[in-house]
Amino acid sequence: FVVGGTVAPVQMSSSPLGSLSEAASKAMSPTCTSPVSPGNGEHRYLSQIFLLVVMKNVKDYIQEAKAHMSQTYQDMEAGLSLSSHYVDVQVSQREVVRSGKNTNKCLDKELVIKGDTDRQKTMLIFDGSNGEKSRRYILLLGNAGMGKTTLIKKLCIDWSRDCIPQFDFVFLLDGKKLSVTEPVYSLQTLLLNLSSSAPSCVDPEAVYAQILAAPKRVLIIFDGFDELRNYETLLQAQEKDLTASLQKDSKAKTFTVRQLYSAILQRVLLPGCTLLLSTRPRGTASQLLRRTDSLLEMCGFTPANVETYLSQYFSDPGLRESALESLKSMSYLNLLCWNPGLCRLVCLILEQSRSVDVLPRTLTGLCHQVLSSGGEVVTEDFDLLSQLSSLAWEGVKANSSILPTGRDISGKVKAFGLRTGLFLSHQLRASPCLSNSTKEEGENETEAGETEQRTENSERTTNDLTDHQNDQILLWANPFLQRKGRRRPQREELELTQRFAVGLLFHNRTELQRFHTHTETAFRDMVANKQGLVTKHLEGLSYADLTPSQILEACHYVYEATGRTRLGTHLAANLPEFLTFHGVQLSPPDVFTVQKALEQGGTEGRSFCLDLEDSGIQICGLQALVGLNNINTYRSCIADAITLWELLEQSDEESLLQRAVSKFTIHPLKAKQVCHIEHLEKLVNIHIHKRLSDSESHSILSEGVPAVKELHKLEFELGPDNGPLVLPKLWDLLPGLHNLQHLDLENSKIGDEGAEKLASALVSLPSLEILNLSQNCIGDEGVKTLAATLKDLPNLHCLSVYSNMISDEGAESLAAVLPHMASLTDLDVKFNKLTDVGAQSLGASLRNCTKVKTLRMWNQCIPFGVLERLIQQDSRILLH
Ligand SMILES: Nc1ncnc2c1ncn2[C@@H]1O[C@H](COP(=O)(O)OP(=O)(O)OP(=O)(O)O)[C@@H](O)[C@H]1O
């Protein structure tokens, strides 16, 4: 570093380090200080050199870490490299329902399902800002195979190529390390020795000091968070003493991996770092939600993504063409490709199938073909598969994910399991610092320092295997077969298993028989018997009592049992006429199976009313269902309906547009999110202007939008925090809802200003019958303006201004207007601020209102004696 007495600059890395001088000074703590104690000038000079050495060590480490990462994560999986096969996928922002107390333990119940139109707004994983509000706790959601791990690998590769410059360090922490229970770790050793992405480090002190000095420039990733054993306990607060000692000295090697993980997740350690957790959405993780400030979800492949994937997968142009052709002719397979993991399987099949006729039509068929074509289809493989199935079933029954070590499992079975990726192998590699590590009681799974090998498609032979047998543990690779302590298998897994079970039972029997050792007759009888049981079960279901997700499952079962017309006919005949999928996320393949069931219903003369709100259905799926002849009405996210109309208009599909507009319904409407009002505003504008945005007025819309005309009830349920954000929009759109009969604005913080705006909108709502303005901070001014318009509402029979701030002045104005409200039957002014004066005015006015049936008034300011007298005079006055 010293050239001719001057300090030569150290080559800067492409990404600027954070506060390096601070890091260096920490690294120069007494333990690290040079033993020489030279004079002042010399000391400064040496310090500078030392600083540069430290800087260089840190930078070298970062470069090594990047090189290591780009090496480790270059493949998505064996044979498919990120650089050549990765498809840029979208993630969408999700939101959490935060209405009142959230007691839901279940993640998916707290998550809002966005419409397709809103999902299309592009999201960046890291927002790039370093401000306080930047996203620091990110949860990445996605079901199995949706590409979470792949995206994380891509992020790592991007980082290694300096494309994510906001982070100097990226660490991947792995659930398997939790099995090390010895308290021998510090945050430093955890990050620098145990993280799966860490290379060996020459100067750990300096690197760690740098991490501590600029935690904002550190990204920590937990992939497959829900796979962590007992992950819920990781989120529970730790004991105070422990927290204090972790904060006091994070370098002390006295902590367990669990304690450190927990401290990182709870922001006790490295509170400024960015955390990225990937998980499947159906876990019980409300505690996670409370901490996260960004919820992202994998969107899966769009049709364009699928084409890109295929183009990359099939490098030969001829093969590519025919694969794309075949896929286009197989609707269900094509839709399954929405899931990248399944898209990969579909490509495997397309690669091997010579004709469209042999392509599978169901999920069971797809998986069956993938399994049986994991090489040449040889009878021996079926034998091995059959042995594996028995082992798996034993494991499920014994609640164990490890293959029994005592049992004599043949080398061939093991090799087959590894080759097909059904097994994971854990090699026990003794590592010096961990050689004494103990295992959790009853745990016999993994050990620190072990290397997990997913040897799918590997060249491993039976002989290799025997060589390693003694230091290997074999586990089931599939999460469903992995032991999860006392946790029950998640719904997604159960549903899939049941779907496969039905699919297999009705699968081509001769193909299945190859898995069995039974004689043909015995096998035929067994299958017939089980088919009978399933048929009986499905036919015995009372569809009216099923939840939307159960109905969807039934559609899948029937689709998997393809060709069984009896089941299909029964389902179509029994589906409820008002078919709701409200709150159930509908993937493209889900929509397809529902479409099939509805079409079948159509052939039997049945028609349906569909509720697709809060289902996240994609626009093309919406089009497919709305396009059916036997749909009477449909509900969906308003913005998605509009997007569909716009698409249909652009593609000149007049008759479909006509149907899509006329069958759309929004009554009754509960606005719970800001976007609901934004969407409604858009719809009302179309209604008023009789045209879709940016287009000429359209004959189909010459009478406006039927859904708006038929909206009779609107409940504004955004609460006092979000409500005021969109009240101005509401005031603007209300006059467009001419036929509104019931308007509920309870607890929306309307105030006097809002009441004035509402008053001018009310003039346009002559049909209004019920108006609920309870709990809205409306005072005398507000009620006075309202009163002036109330008499112009000829049909209003029920008015509630319960729990506002109306005092005597306001009560007087109400009293004055009361006799002019021709239809009013019920008025509620309870919990306001009127005194005996206001109460008496209202009571007096009531005598002139023969139609009124109840006047509810009570509050602490009205003397009870006065109220009692009023009640004696008029029994229509009630206290509650
Ligand atoms: N963006 C992508 N581009 C190309 N292929 C992808 C992409 N995402 C996923 N895949 C393919 O899908 C497979 C499954 O994806 P991945 O393992 O990332 O899913 P996951 O969401 O992590 O699933 P799990 O919850 O089961 O861990 C990958 O091995 C890869 O072949």
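This is a predicted model: local features need pLDDT of at least 70, side-chain atom pairs count only at pLDDT 80 or more; totals for chains, interfaces and linings use all residues.
Me: What is the predictor's confidence in the protein chain?
Reply: The pLDDT (the predictor's confidence in each residue, from 0 to 100) has a mean of 82 over the protein chain, and 81% of the residues reach 70 or more. Over residues 1-16 the pLDDT is below 50, and this stretch has 20 contacts beyond near neighbours in sequence; a contact means that two C-beta atoms, placed from the backbone, lie within 7 Å. Residues 483-487 also have a pLDDT below 50, with 5 such contacts in the model. For the complex, the predictor gives an ipTM of 0.99 and a pTM of 0.83.

Me: How many helices and strands does the protein chain have, and what counts as one?
Reply: Helices (H or I, at least four residues) and strands (E, at least two) are DSSP runs, numbered from the N terminus. By that rule the protein chain has 37 helices and 26 strands.

Me: Why is Phe225 called buried?
Reply: A residue is buried if 20 or more other C-beta atoms lie within 10 Å of its own, exposed if 12 or fewer, and partly exposed in between, with C-beta atoms placed from the backbone. Phe225 has 24 C-beta neighbours inside 10 Å, and therefore counts as buried. Its place is in the loop between E10 and helix H9 (231-234). Phe225 and Leu173 are 52 residues apart in sequence, yet 9.7 Å apart in space, C-alpha to C-alpha. In the protein chain as a whole, buried residues make up 40% of the 880 residues.

Me: What makes strand E11 mostly covered?
Reply: In E11 (residues 274-279), 6 of its 6 residues are buried. Thr274, Leu276 and Ser278 point one way, and Leu275, Leu277 and Thr279 the other way. In a regular strand the side chains alternate between the two faces of the sheet.

Me: How do you know that E11 is paired with E8 and with E10?
Reply: Two strands pair if DSSP finds at least two bridges between them. Strand E8 (residues 137-141) and E11 have 5 bridges, in the parallel sense, and Leu140 stands opposite Ser278. Strand E10 (residues 218-222) and E11 have 4 bridges, also in the parallel sense, and Leu219 stands opposite Thr274.

Me: What is the strand order of the open sheet of 8 strands, and why do E19 and E26 stand at the edges?
Reply: The order is E19-E20-E21-E22-E23-E24-E25-E26, with parallel pairing. Strand E19 (669-671) and strand E26 (877-878) each have a single partner strand, so one side of each is left without a neighbour in the sheet. Within this sheet, E22 (residues 770-772) and E23 (residues 798-800) pair over 3 bridges, and Leu771 has Leu799 as its bridge partner.

Me: Which residues come nearest the ligand, and what makes up the shell?
Reply: A residue is near a molecule or strand if its C-beta atom, placed from the backbone, lies within 6 Å of it. Of the 21 residues around the ligand, Gly147, Lys148, Thr149, Thr150 and Pro340 come nearest. The shell divides into 9 nonpolar, 8 polar and 4 charged residues; Ala, Val, Leu, Ile, Met, Phe, Trp, Tyr, Cys and Pro count as nonpolar, Asp, Glu, Lys and Arg as charged, and the others, Gly among them, as polar. Strand E3 (75-77), helix H6 (148-160) and helix H16 (340-352) each supply at least two residues of this shell.

Definitions and conventions:
Residues are numbered from 1 along each chain as its sequence is written.
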